[in-house]
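Hello,

Please find the structure below. My notes on it follow.

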Amino acid sequence: MRPEDLRSHQWYGTDGLRSFSHRARTRQLGYLPEEHLGKPVIAVLNTWSDINPCHVHLRDRAQAVKRGVWQAGGFPLEFPVATLSETFQKPTPMLYRNLLAMEAEELLRSYPVDGAVLMGGCDKSTPALLMGAASADLPAVFVPAGPMLPGHWRGEVLGSGTDMWKYWDDKRAGLIGDCEMAELESGLARSPGHCMTMGTASTLTAAAEALGVTMPGASSVPAVDSGHDRMAAASGMRIVELVRQGLRPSDILTREAYEDAVTTVLGLGGSTNAVIHLIAMAGRSGVPLTLDDFDRIARTVPVLANLRPGGRYLMEDFHFAGGLPGFLSRITDLLHLDRPTVAHASLREQLTGALVHDDDVIRPRDRPLAAEGGVAVLRGNLCPDGAVIKHIAAEPHLLKHTGPAVVFDDYRTMQRTIDDPALGITADHVLVLRNSGPKGGPGMPEYGMLPIPGHLLKQGVRDMVRISDARMSGTSYGACVLHVAPESYVGGPLALVRTGDLVTLDVEARTLHLDVPEEELRRRRAAWTPPPARYGRGYGALYNEHITQADTGCDFGFLARAGEVPDPYAG
Ligand code: FES
Ligand code: MG
């Protein structure tokens, strides 16, 4: 590739006043002409922040990326971008996924950038950065933040998230007290890095690796392992080559790649959030991916990764058992092996020599954790546009269940009243939460694992059928029907359920049915009034106007649709 073929040449290399000014301003930054002129400019989009424990190490790690870029003959420039901290951002970072996606896309477009390294990993960061990169369609490599080290407490190995829920229930049941909780506070999450269970973060970074936009094996390298520095440097080196080759996201993020990402997520027993994010990401690549693709592929993929919350181990174990290359080597017959990745001409080449070193962590095909992928897509009069359930994380006796609904109109009401014995909730009841969807939540907060009422917890009840238009944390578990579409806030049938109505869940038949005659539902629909708009102005108002429903990925309509965007320098 000649220097004048670089996109950044339009900024730096021409004879005009603008180019002079850009060169003068780069001198102002302290660079010599020979340090950068004619070299691929690599934007390092970094989601580091003091408030984000999952990304706090990325401030340093960017240095390793830059080192790799310099060594390969590129010119790295770091761009701080929005941080989406699953723990701290309210009401939920899902409200801001599309904001980061927009920011990433527009920064790549509007600056002199030839290629990008994307640094993130806490839940929504991965889809957001990849959605932006897919839309900008400049060569890009994703650097996953890496899982934190395993938690420890009194001889037990703890999973962040998963064990938080478990011990919180133990506390509510009176089994442990404040002393134990104080110790747990220091033991649950003991190093920088994203959640180290197969929660949403690990699921989405694994999906990114399966899509072919990371270095091989990158997604499971522990955040604080020296191997993470080496992976970051290798990513920096690689992106410069990608620019020279002209290999873009649109060459990599094909229908085959997205199908393989779905296969991967299901075979890992990954988070239900991946359903929404992969549909949204595919949308940016112009690939139609639907809920039915997930259900269809789920029936062909065994769950082989023995990872919490569904299984036993944590991401560090997975890494040393062979990581994603090892895992993928066990399902090559289910993958499209002839597609390119950022690192290799084909996935087949990338997986050559991949090994599994621990058959209990990554199971052989004849000893799966579950014969089918973990997610089922439900339909029925309660969810005409679909709903999902991670049935492998539920108590089996609930997978076919009929019970009377107990309806909560919103999360706060539910929190206030769920432990009230006067509600008379039994283990057979079906807990229904509404107004927690994309618009109603807003942002589909992870409310979907509704708490078991305290008196039932004390009786030893640990799972019940729960239904909502919310999402659920990837580290959660239980018979939770999620992502009900359309959501109640826009008048979906969930808005019409009343306490006492019988609801039937049948996972085998893939149905969710509200046992109320159609005529009565029509009456209730006629009497329903839409809730008042929540946001009078600002980003929330923009969000509310453009967010799509869960079954189509919760992107903004104007970002998801096809259409031309002029190059800023063409005009
Ligand atoms: Fe960041 Fe779990 S809180 S990945
Ligand atoms: Mg999470």
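Two residues are in contact if their C-beta atoms, placed from the backbone, lie within 7 Å. Helices (H or I, at least four residues) and strands (E, at least two) are DSSP runs, numbered from the N terminus. This is a predicted model, in which local features need pLDDT of at least 70 and side-chain atom pairs count only at pLDDT 80 or more, while totals for chains, interfaces and linings use all residues. Residues are numbered from 1 along each chain as its sequence is written, and chains are lettered from A and ligands numbered from 1 in the order in which they are written.

Helix 7 covers residues 162-172, and Thr 162, Asp 163 and Met 164 in it are buried (20 or more other C-beta atoms within 10 Å of the residue's own; exposed is 12 or fewer, and partly exposed is in between). The buried residues of helix 7 pack against strand 5 (151-153) and strand 6 (156-158). After helix 7 comes Gly 174, with a positive phi near 80 degrees.

Helix 2 (residues 17-28) is hardly covered, with one buried residue among its twelve. Gly 30 follows helix 2 and has a positive phi, near 100 degrees.

Two helix pairs come next. Axes are lines fitted to C-alpha atoms, for helices over the stretch in contact, and angles run from 0 to 180 degrees between N-to-C directions. Helix 4 (residues 58-71) packs against helix 10 (residues 226-245) at about 40 degrees, the axes being 7 Å apart. That angle makes helix 4 oblique to helix 10 (under 35 degrees counts as roughly parallel, over 145 as roughly antiparallel, 65 to 115 as roughly perpendicular and the rest as oblique). The contact includes Arg 61 and Ala 64 of helix 4, and His 228 and Asp 229 of helix 10. By class, this contact of helix 4 with helix 10 has nine nonpolar, five polar and four charged residues (Ala, Val, Leu, Ile, Met, Phe, Trp, Tyr, Cys and Pro count as nonpolar, Asp, Glu, Lys and Arg as charged, and the others, Gly among them, as polar).

Helix 5 (residues 97-110) and helix 6 (residues 125-136) pack at about 35 degrees, with axes 7 Å apart. The contact of helix 5 with helix 6 divides into eleven nonpolar, three polar and four charged residues.

Lastly, Glu 78 lies in strand 2 (residues 75-80). Glu 78 is partly exposed, because 18 other C-beta atoms lie within 10 Å. Leaving aside neighbours within four places in sequence, Glu 78 is in contact with Val 44, Asn 46 and Ala 62.

Regards
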